Each structure stands twice: as structure tokens, then as C-alpha cells.
Amino acid sequence: MTERKDRPDAPAAEADIGGRRGALAALGAAAFVGMAATAEKAAAQAPRESLLRTVISRGRLIVGTGSTNAPWHFEDERGQLTGMDIAMARILASGLFDDPNKVEFVRQDPAQRIPNINTGRVDIVIQFMTINPQRAQLVAFSRPYYAEGVALLTSPRSRFKTYAELRAAGAQARASVLQNAGADALVKDALPDAQVMQLDTQANVIQAMESGRADVAVVDLSTVRWLVRRTPDRYVDAGHSYRSQLYGAAMRQSDPDWLNFVNAVFNVNMFGHVSEAYDAAMKEFFNIDPRPRTPGFPPI
Amino acid sequence: MTAGRDAAPVLSVRGLIKRFGTTTVLDGVDLDVARGEVLVVIGASGSGKTTLLRCVNALVPYDAGSITLEGTEIGYTAPNSGVRRGDRALARLRADIGMVFQMFNLFPHLTARQNVALGLRVTRGMPRREAEARAEHWLARVGLADKMDNLPSALSGGQQQRVGIARAVAMEPKLLLLDEITSALDPELVGEVLDVVRGLARDGMTMLMVTHEMGFARDAGHRVVFMDAGRIAEEGPPREVLGHPRSERLRRFLRRIELRTE
Amino acid sequence: MIDAMIYALPFLWDGFLITLAVSGIVVAASLALGLVFGVILAFGPVWIGLPIRVFADTVRAIPLIVLIFTVYYGLPALQVPLSPFWAAVAALAAFKTGHVIEIVRGAITSIHPGQMEAAKSIGLTFLERLVYVVFPQAVRCFLPPWINSVTDSVKGSALVSLVGVVDLMMAIQQVIGRTYQPMPLYILGAMIYIAVNAALSVASRRLEARFAATVAT
């Protein structure tokens, strides 16, 4: 998933400006910060026992994930959590307990992905998390379980439906994209001359294209595929994808047993003999057929 | 005018000292009020007379001295003990001391009847009907039989003050404190209020009254006390104190007052 | 548009209940605590009032989001395990309590001190003075800002979605995450919040009218 800024609409803080009361508030805030820092230090001192043992003796896996982004983590018509991230979590649960249902999902905002790992609120985070060096300094990433690309989404009613048309339109083309630091560059990589419109959620980005305020929505390739498959009368894949981002699961650092276990399960499911669940998920959510797994020289 | 005197005074003040910061407002006051006596306190503003009243009713603490009501120390556990009484004890003692205020201080959300009945219901624990009956009796006595259901905002200043008097007197206090009760009234309303107080005095109510109404002091007061700079400078029967002032300060004070009232 | 809204309604029900629960608990807790501490602040000695002041000013100066996250992450580290729901509710309640303390204090101190003196003079104890004299008058001053604060609580309850509590806001996001049709849902969400606050408005006007009748200025 492309990086995103912090959530925008924070309610205005009713700060009290003025003399003594401000000083008192500052004092209180300082005490607060001190308390928070102590708490953080306490949490950072990882207990000796590996999470692997803890999880096994607990009898269920606690996974941090989201609930608002198809096809990764979302609620289906029956209100059940489903998606690729959910599928990976169930694969892990099967590896731990032979039961894909022994997993508890903690819904979290993307801003909480790293904090919830490091404060021990969840055992692992599987939430379309792009592996990057900055994050890798704070958490331990599993091997990648998906390579995400960026693609262009248009609709049958768009002025320019295909990549060629969009390219040709030059500065006439208006592109909507999720707001974040690299958003402009992301669009320019595909459409160097297009106007860029940054919006706060993926859904709004797509809405802008549908309502005609933008000609093309620059979104994740998986989202494009998902939407075009489900509602081909509403959406069109403009036919150009680029970039490749690796998604991995995040765990706390200094716990080699846990990390190795997760990697082993992922490897076995992706390249080994226990591959049904993974293949089914790839097909259901991305319409990607499984690769042939040939014996002999190992693929990884 | 003589008043029936018991052996022991109802109110006894000894050596009362009250300071506000660096200012000494009451500088050693000694005072007795006998049963049925009407004691009038006069003096210039800043002489400490209102503070005296507020000390008696334990509305403010004081620094030294003793104030007793029928032998019981009011604000503190013992004379000069420095230990203030708790809220409950103070409440019980205050129930026996009625106070009428310069600004009336009626409860604006209650009718005249409810204002008078509140203390009877809550402090005296009377059932509502009995309390309201008593309230009606006292309101009739102060001449407000037709205004019982009025809110204070629907009453004139003089009527409000009469309700204030009824509220204080309905509790059947041992001592009634009156703090310049006519100073905030329009001149034509003063008379009706003073008439009520005169009636109470005739019926033997023990009163400590701070006022500027020299006429009232002359014909209804039993004793007059002149306060100056936190002390009692002169005291005696009204005819003497008001007619033959001994000190220059009192003379000057009376001249200023007479000039205003005549 | 309308079909999308009707389709979404069943999925929003549980979230709506959570929103009501969060708002209700926050309003009730902040009212109770704010009353107690506001009275203490108004009548108590300075050395008790000061920590209350510091608390009220501090929580009001911290953005709600920061407060929620701090409670959510901070308390477990201090050996106080709280579910996300209760952590968020605690943070919101603390924030609102700070407000209510101020409103209560302001309402009480707006009453003329002569009222307390008159109440004392007829022998009422502290609690009796509060109940029979101060509160009936203070409530007129108290109600308008407090009702505002209640509306804020309802709006602020949406922040619990930040720590994964599925309230109405998050339920809406979840449906959008599946259907990719934000407009009908945002409109529906707005309508629901408007309906809730309209109901509050009506209730508040009745409350104010009831107390206005008994006090004349």
C-alpha cells in the first residue's frame, strides 16, 4: 500500500492560553510525557520467552489488522472479516494449532501497526504493510507474501479510458491519488504531465474518478483488479502497472524463534506442500493462478 | 423604655478581635444583649459594625475573643480555642440566630411562602404542610398575606425585605440580627419595614440591629452602641447617646446623619 | 444512492449501538465526576483545588487523539490492562470531566455570595445549601454550556475508531471498504449523527425551559 499521512480531521484542541493556567497545563503535560516514556521503556524491555511459546500456550493467535480495505482486510456481506491479510493470519493459525479459526483479530488504524507490535498488544501485524528500511529498524518483517504494484483505474464513462489515451492527453489528464509524501512522484512515474489531486482515503480517490472530478485514479494494482472483477460495468483497468512493493507481516524484534516460525509457515505455504489456502486466497482476491511448484533446485 | 431582663444575657461578646490581613477591623469588642432587648449599633462605614454581626452569625471567623449564645460558644469549640466548629454544628447554632440582610438575599427560585418555609422544613424538619402553614402565618403578620405565591422578582423592595424578616423570624430564633435592613430601600418603603420590626420588638424579640435610622433607634431601641475604629466608643440609652453625645466623633457623626435625614 | 444507504443500514446497527454506549457512558461519568470535583473546586481550600485545576487544564489542553492513544498504550504498561473500548472511553471521559468541572465551577461562582449567607443563616448544612439554594439557581447557568459539551461527546465518540473499536464511523468505513461507494454512506452517517444531535437539542430545550420557569432574574 502506498504510504499515507496521518489522519487529517483531528478535532481542534481547546488549548488554554494564558499565564498560570498554561503553565499548570504544561506541568501536567510534562508529568504525562514522563509517565508515557516510562511506560514505553517498560514495554520495550522484551520478556525473555519467545512469542512462539506464549502463543502456543495461550491457544490462539492475536493478529493486528484493518477492516476497511478490500481485498486485504474487510468485512464481507455476513459481517465476517476476510481478505488476503486475513487469509495469511489463518494460515499461521493452522500452522500453530491445526485450526485456522484459532485467531483473534484486533482492528487497528494503520498508524497503530508498529506501536501495537512494540507494546505487545498483538503478536503480529498483517495489514498490507510495505517493507521499507525505516520500518525495518523498528520491527522484524517476515518474508514478503505479496508484491503490490500501482495501477490506473478508469471507468467506462471516463474521458480517457486507456493508458495510451491518458498519456496522450498530457496536461489535460487529472489524476487522483492517496495523499502522502511520495504521491506526486507516484503519479508522475506513469503520467508525467498529468494534474495531481491528493485525497485522504482510497475510497475518496476512486469516488473522485467516478464522479468525473478526476480522469484516472492511481491506486494499488490489487484494488484495480478487485474492482474490475467485481463490477466490470463500473470500472476499467487502464492497462498499465508499475512499481513493485513488498508486503510483509511485522513482528517484534529480538525474537528469532517467532520470526523463523512465521517465515517457515509462509515459505511452506507459498512454495512448499501446504499450499491450498494460499493458492485459494490468491485466486479469490487477486485472480492470480498458482505457479507450478517443481521439485529439484529450491525456488527460494 | 424598659425591657424584661433575665439574669444571663442572650448574647455575650468578649474581647472580639478580627483582622483582615494587616487591618484590624474589630479591636476588642465587649457586648451583652439581654433577653427581649433591642440593641442598636450605629457608626460610620468601616467602623466594624457589619463585621460584628457577621462574626456573631459565624459567617466569618475571627482571631481572638469569645461569642456565646446563652452560654454556648458559637464559632469555635471554646473561647480562644482556635478550633472552628464543623459545618453541622455551626448549622445547628445558626438555626437559633436569625439574620436579615441589607440586600434581602431572598431565594429567587422560590415563592415568598417557600422562602419562609424552607428553613422550617429542612432545618427544623417540619412536614411540608405544617411548615407552609407557619410560613403563611408569619407572612400575614408582616402584612403580605396576598403575596404568598409571588416570586421575589414580583415584589417591591420593601415587600422583599418583609419576606426576609418573616423568613428569619419564622425559625423562632433566640436572637435576631438586622444588618442595615433599610439602607437599600427607597425612602417611602422604609416605614413599612420598620413598622414590622417595631412590632417584633414589642412582642419581646431579642435584637441586635445595625442601622442609620436614628428615629427608630430613639423610639424603639433599648440601648444604643456607637462603634468607631473597631471599638465601642459610647453606649447607653438612646436618649443619652443620641441626645447628649460625649465624644467629638459621635457628635460629628450624628450631625452628618441628621443633615441627611432632616 | 438510496439503495446503497438501505443496503448499508443493517451493517451499521452494531456500530450505532457502540456509539450510543460510548457517548452515554462518557456523558454520565463526566457529569458525575465533574459535579463532584467542580463543587470541591468552588468551595474547597486551595490545596485541594489546585490538583483539580491542574487536571482539568491539562486534559483540556491535550488533543483528544493524543489522549486516547496515551491511555490506550500507557495504561497496560502501568499494569492496568484495559480493552480498547474502555481505554477510549476512559480517555474521552477524562477529557469531558475537565470541561464539566469548569462549567460547574463557573455556574456556582456566578451565584451571589449573599445566597449562601442567607442559606447559612436559616441553619442549612453545606449539602442542604447546595441542594436547595445553589443548584436550583446554578443549573440555569450550567445547562447551555453543558448541553454543548454533550453534543461534543457524541461527535468525539467517533474517535474510538482510532483504536479499533467498531463504532458508527468505523462501521461506515468498513462498508465503504467493501463497496467503494463512500458518498451514500457518508451522507447516511451524517444523517444519523444529525438525528442524534437533533434529539439531544429537543431534550435540551425542554430541560432549559423547565429550569428557566422557576428562576426569575
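Start with two helices in chain C. Helix α2, residues 46–61, packs against helix α4, residues 84–109, with their axes 8 Å apart and an angle of about 125° between them. The crossing of α2(C) and α4(C) is left-handed. Keep in mind that this is a predicted model.

Next, the surface of chain C. Which residues make the nonpolar patch there? They are M1(C), I2(C), I6(C), M183(C), I187(C) and M191(C), and the patch covers about 570 Å². Two helices of chain C, α1 (2–43) and α8 (182–214), each supply at least two residues of that patch. The largest share, three residues, comes from α8(C).

I187(C) sits in helix α8 of chain C. Is I187(C) buried, exposed or partly exposed? Its relative accessible area is 32%, so I187(C) counts as partly exposed. The patch cut-off is over 30%, so I187(C), at 32%, clears that threshold.

Now over to chain B. M227(B) lies in strand β9, residues 223–228. Here the relative accessible area is 0%, so M227(B) is buried. Buried means under 20%.

One last pair. How far apart are M227(B) and V116(B)? In sequence, 111 residues separate them. In space, C-alpha to C-alpha, the distance between M227(B) and V116(B) is 32 Å.

That's my set. Over to you.

Conventions:
Residues numbered from 1 in each chain as written. Chains lettered and ligands numbered in written order. Predicted model: local features only at pLDDT ≥ 70, side-chain atom pairs only at ≥ 80, totals over all residues. Heavy atoms only, no water. Patch = residues over 30% accessible without salt bridge, like charges linked within 9 Å, V, L, I, M, F, W, Y side chains within 5 Å. Areas by Shrake-Rupley, 256 points an atom, 1.4 Å probe, with all protein chains shown as cover. Salt bridge = Lys/Arg side-chain N within 4 Å of Asp/Glu carboxyl O. Helix = DSSP H or I, 4+ residues; strand = E, 2+ residues; numbered from the N terminus. Buried < 20%, exposed > 50% of the residue type's maximum accessible area, 1.4 Å probe, protein only. Axes fitted to C-alpha atoms, helices over the stretch in contact; angles between N-to-C directions. Left-handed = near helix turned anticlockwise from the far one by under 90°.
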